[in-house]
Structure formats: structure tokens, C-alpha cells
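Q: Can we go through this model together? I would like the overall picture, then a few local details.

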Amino acid sequence: MVDVAMVGAGQTKFGNHPFGLKGMWSEAIEKAIESVDNDFHPKSVDEAFIGSIAFGGSQLGNTAALLTEHSGMGGVSVRRVENACASSGFALRDAWMAIKSGQADVVVAGGIEKMNDLSASRKRYWLGVSGDTEWERLAGLTFPGTYALTARRYFHEFESTHDDLVHVSVKNHMHGFQNEVAHLRKEISFEKANSGFMVADPLTLYDCCPTSDGASAVILVADHLAHQYTDTPVWVKGSGAGSDYLALHDRPSITQLCATQAAAKRAYSAANISAGDVDLAEVHDCFTIAEVLATEDLGFAARGMGGKFARDGEGRRNEGSVTINASGGLKSKGHPLGATGTGQAVEIFKQLRNQVEPTRQIRDAEIGLTHNVGGSGATCAVHVFGRER
Amino acid sequence: MTYQFINNDHGRFACSQYGPEWAGPDGDRLTLAIGLLQDTPSGQINIDFFVQHLEFEPSIEVKSIIEAATTWTVNEDATTFLHAHQNKYIVALTTSNTLSKYPAFQAKAYDAEVQEKLSVAWNKEVFGVSQGAYVSQAQHIVASGSRLGMKAQVDENRLIWPPRQLNSTAQRIANAQERLSETATILTWTRLSSAGAPSEFSERAPILGGVSTVLVSFDKGPQGVFMLADDDENTPKIEDTVRFEIRRLYGQDGMIHYGTKAILNNF
């Protein structure tokens, strides 16, 4: 079967971006093409998949064609992919499958979201529509609420406290501080992270990721074309995805994400690796408790030990068993919903090619992983990347 | 008990714990009426006079709400009548189609300024904050037995709630028939700050200091998420039990959507 290589990857800075949708997407594509070592022409793209939840909180149609039209890819077979915050993780998976199946040789996967030009009321409306709107939302829940329910239950079931979440926040801000494309580039102390105002008890401001503008894109090619574009491709060794009940109340357990577990199992199997082989992972820390769960569901920590994993600094850059969120994660790098999944892939691409800022380079990394979750865990895409094919 | 009841020669009357001037933060004459009917042996009832005194239009017709939430049947030929005081929050069941005398009720102390602010907030939310999550009118109607009557489906000896169409082998599940247990146990809870609350609650949440939500487990398995009501003086704990009452959930497009809220037991 065909192997899939990533030969280019680029993104905008996450945060308050001065451009609109067309401008942000064009910038991400421009940077992705610039990152390709040899000549790359956008007309060589066979297929494109663009993840986005709602394009500025509005239900616009046919936006994928608009964006490719404005980025030199007019006429390409393109579609929008929507799976809440996992939209571009699934766009990446669709791109991988298009090449794997032999139907395409050159594919672009990306994502985009414009969030910071919305009124407060529209943003409040929008940020809850990817959960269970009929039962959870009408019980007063938005995502801070659903993850707060999970956090409190996690503390009840396991030996963990809110302090463990503070360690996650401090670590990710420390990692993101040196990332030039991160939204919140500031280090925070344990004391400061532990004193944020309560958003959804027990989660405080410092447990929550920001709402960011951003766009990201990666260029995937079939194995026989990889060395036409670069001598150092990053191989997409495995892709896995899963889904789960949309609402928390339908899940047998709310302290684990079955969609992540299924996606990881499939991705590890496809890549023929185990969790212990992973050197760095970009995980979906929309809330700090989500990173704790992810470290368990991805197999980096045993069930119930994710809090201790954070407390012991296991995910710190070049210190622990695996670096978690070297980019700063959603917490510090930012979370432009539809752009987050391929934004994670951009970070892995650069890390495995030793192209990030020297101070935050993961040493001798061979295997990277991305973990992109939709909503409170209804969808999840996991990808495994390697220097070697 | 959240409601007060009085029986006299004229009929059976109900008002909220706050007395006849206020039905509470999420109460009105319809929620009082449902509380009264749930506490009274069932039969057939005429609601022609009652529906003239509602503040807002319900999202589904009053007859459907009453029949989903109680064991009463609405019948225009019935000789039991549901009344509502036109100025005060008192409702009554009588055998007379006229009612002019209402009894006096006690009133728990409350902040009149909060009451007024909430009244204004409800008006703003019902008419001014239309951007809520999309739940189709059809879905509100189809699920009313489960949302208001707490009825579960039975599939392979398991209770299913909230309702589903098909089971794990794609077989159609029969309509909800079995009532969930009257109390449930808190598995976890949160209190969202007003900034974190959904837009449907954007006017009320700042006044109430946020909104509390519980995930609970019913007997025989089903779990559900509910907004907590009447929790201004108490903080929930995991393993506390809750009971349920029909209250206003939110307003949209000029109408009120009603649903079930949890209330801490033991308080």
C-alpha cells in the first residue's frame, strides 16, 4: 500500500489575527508551500480537505471552494470537513486516506477559524453548539461545564486534585512562551495559575484555552513523489479515528474518552508502534483536565495516573518520558477550533525536522503524535508521524 | 417541599414557597399548576380559564405539557377546573367554573430587587435573545414525554433515557412508557459563572451568580444532566440525592420552553 509523506506545513500565528478568512487561509498555504524544500506548484494538488466548524460563527456554504480559489488551487476537488474541534484532524485523516487508497498523489489538508471578531453574545452561542444541544446545553452546559463535570468526577474517582491541573497549565504556558506562533506567550507561576477566577467550578480561567483566530495547512504526497519535494519528509505512519456518545450522560464513564482510546489503538496499529515509542505528542488540552485524560487514553500513563503524570512533570520538554504539547498546546498556543488539528501537525513536522526555535526543540525525537478531539469527546483523530518511513 | 398547598371548601390551591407575589426564579402559573396537579389524584380537567392567564406562550401547547408532565387528562367537558389568579401567582383546582376567593399563603423572604431583575431578564431572553442552540419544535414535541414526564424506553430489559430511535442492532425502540425513579444520585456537578453560561441564560445568569448543573444517576441505570433549581443557599455534593420539578428552561422567539430541573433533597 502507498505510504504517505508530509512535505510541507504552515500556519498563521494563532490569536487575534488581522486578516479575514481568505487572508488567513492564504497565509497558511503560503507558509506551507514555502516550507517545501524543492519547487511546489499548487496546481499539482489533486484533492483538498479544509476543516472548519462554522466560519466565523456563521453557517456559510461552499467556503472550501472560496478558500482554494484564493490560494492558487482554483478548480481542485475540495470540500469542507466538520467534526467540531476535530475538524482538521479529520481533514488530515481524509487526506491520508485519499493517498493511501491510491486515488490521489498530492493532497492538502488544513483548517481555519475566525473567532475574535464576533460579538460576545454570538461567541457564547457558537461555543456550545458542538455538544448535546437538546439535553446538556438546556441544562446550562457549555464546554467549560462539561469538562468541569469530568474534572470533579475525576478527582472523586482517583487520587488527584486541582493542583494537578495547575501543573498542566504551568507546563503548557512554559512551552508556549517560546513559540512564535502561540496565542498566549507568557509564562505563569503555579500560584498565578492556581488563582484564576472560577469559570466552571472546579475549572478556573487558567484551566481553559483561549479562543483564537488561525489557519493551518499541511501538504501530503504519495511515497513515490516524496523525494521530488524534499530529502527530509515526515512520514504519516498511522491514522486512527473514533467516535463516542455525544452527551456525557450516555457514556458509561466520563473520566475517559473512548473515542481517543479507539483512535489511538488504530493509529498505533497502523504505524506499528506502541505508546512507549512516542517522543512528543500534541494533545487536545482544550481544558487542562482534557490533557490529563489524554495522557491516560493515549497510553502514556495508566488509568487514574494522569494527574500524577502531570504532577511529576512527565510531559515537560526534554525532561519526562514523552514531551506533551511542546507547542504550548491549545492552552498557550491557542485553539482556533477548525485549524487546531492540522496546526498540531505543523508543530510535529517542524519538530521532527529540527526547524522550531532552538530553545524549544525536542532532542532526538523520532516519533510524534497528534491528538485532536471534537467537543467533549464525541470524535477524535490520532496521527502518528516519524522521521523514518 | 417547594410548593405550598391549601385545601378549603372552594377547592385545592397552590403557590410557591415565596408566596403569592412570586413563583420563583424559574416558576410561573403553569409550573405551579403542574406542581398542583402532580400532588393531586388524577382525573380529567378543564383548562379553558387557566390558559387565559399565562405570561408567555409555551413552546408546545399547555394541554400537551400537562398531559406529559402529569397523569391528568385535559378535557373541555371535564367538571374539574384549573384556575389561575390573574394578578397573583396562585393556581387552583375547583369543581366550579368561577373562582373569586383565594386563600392567604405564607411567603418565604426573598429579595424583591432580584425578583424584579429576573422578571426583566426573562422578558429580554424571551423576546430579545433569540440565538440559542437549535432544537427543532418537532423534537420538543416528540420528546415531551421524556423531558416533562421523565418516561424511559425499555430495550432488552434496560431503561433508555433520554429517548433514542434505534438500538445497537438498528431495531426500533418502543416509545417511552416507564417512569424513571423519582430521585437520583449526583455523580458530579459544576457551577458555571455567568460568563461561561450558554447564551440562553445570558440575562439571568449574572443575577443568579451563575448556573449549577448536575449529572445524576437514576435507579436501573439511566443518567441525565439537569440544571439545579432553588440552590441559592446550598452547595451540592457528589452522592447527594435530587428530586425533580417542572420549571421554565429558557425563552426563545417569544415562547417559553419548559423542562425538568433537579432540586437538592434534604433541604
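Q: How many helices and strands does chain A have?
A: Chain A has 13 helices and 12 strands. Helices (H or I, at least four residues) and strands (E, at least two) are DSSP runs, numbered from the N terminus. This is a predicted model, where local features need pLDDT of at least 70, side-chain atom pairs count only at pLDDT 80 or more, and totals for chains, interfaces and linings use all residues. Residues are numbered from 1 along each chain as its sequence is written, chains are lettered from A and ligands numbered from 1 in the order in which they are written, and side-chain values use heavy atoms, with hydrogens and water left out.

Q: And how compact is chain A for its 389 residues?
A: Its radius of gyration is 19 Å, close to the 21 Å of the globule rule, so chain A is as compact as a globular protein of that length. That radius is taken over C-alpha atoms, and the rule is 2.2 Å times the number of residues to the power 0.38. The C-alpha atoms fill a box of roughly 55 × 45 × 35 Å along the principal axes.

Q: What share of chain A is buried?
A: Of the 389 residues, 67% count as buried. Buried means under 20% relative accessible area, exposed over 50%, and partly exposed in between (1.4 Å probe, protein chains only).

Q: Helix packing next. At what angle do H3 and H13 of chain A pack?
A: Helix H3 (residues 87–100) and helix H13 (residues 340–352) of chain A pack at about 65°, with axes 5 Å apart. Axes are lines fitted to C-alpha atoms, for helices over the stretch in contact, and angles run from 0 to 180 degrees between N-to-C directions. H3(A) and H13(A) are therefore roughly perpendicular; angles under 35 degrees count as roughly parallel, over 145 as roughly antiparallel, 65 to 115 as roughly perpendicular and the rest as oblique.

Q: Which residues of H3(A) and H13(A) meet?
A: A:Ser88, A:Gly89 and A:Leu92 in H3(A) meet A:Thr340, A:Gly341, A:Thr342 and A:Ala345 in H13(A), where contact means heavy atoms within 4.5 Å. That contact has 2 nonpolar, 5 polar and no charged residues. Ala, Val, Leu, Ile, Met, Phe, Trp, Tyr, Cys and Pro count as nonpolar, Asp, Glu, Lys and Arg as charged, and the others, Gly among them, as polar.

Q: How about H6 and H10 of chain A, what is their crossing angle?
A: The axes of H6 (residues 162–176) and H10 (residues 288–297) of chain A cross at roughly 95° and come within 8 Å. The residues of the contact of H6(A) with H10(A) divide into 4 nonpolar, 3 polar and 2 charged.

Q: Moving to the backbone: is the bond from A:Asp201 to A:Pro202 cis or trans?
A: That peptide bond is cis, with omega near 15°. A:Pro202 sits in the loop between strand S5 (198–200) and strand S6 (203–204) of chain A. In chain B, a cis bond joins B:Trp161 and B:Pro162, with omega about -10°.

Q: What is phi at A:Asn354?
A: Phi of A:Asn354 is near 55°, a positive value in a residue other than glycine. Most residues other than glycine have a negative phi. A:Asn354 lies in the loop between H13 and strand S11 (367–374) of chain A and is partly exposed, at 46% relative accessibility.

Q: And B:Asp253, buried or exposed?
A: B:Asp253 is exposed, with a relative accessible area of 56%. Its phi is near 55°.
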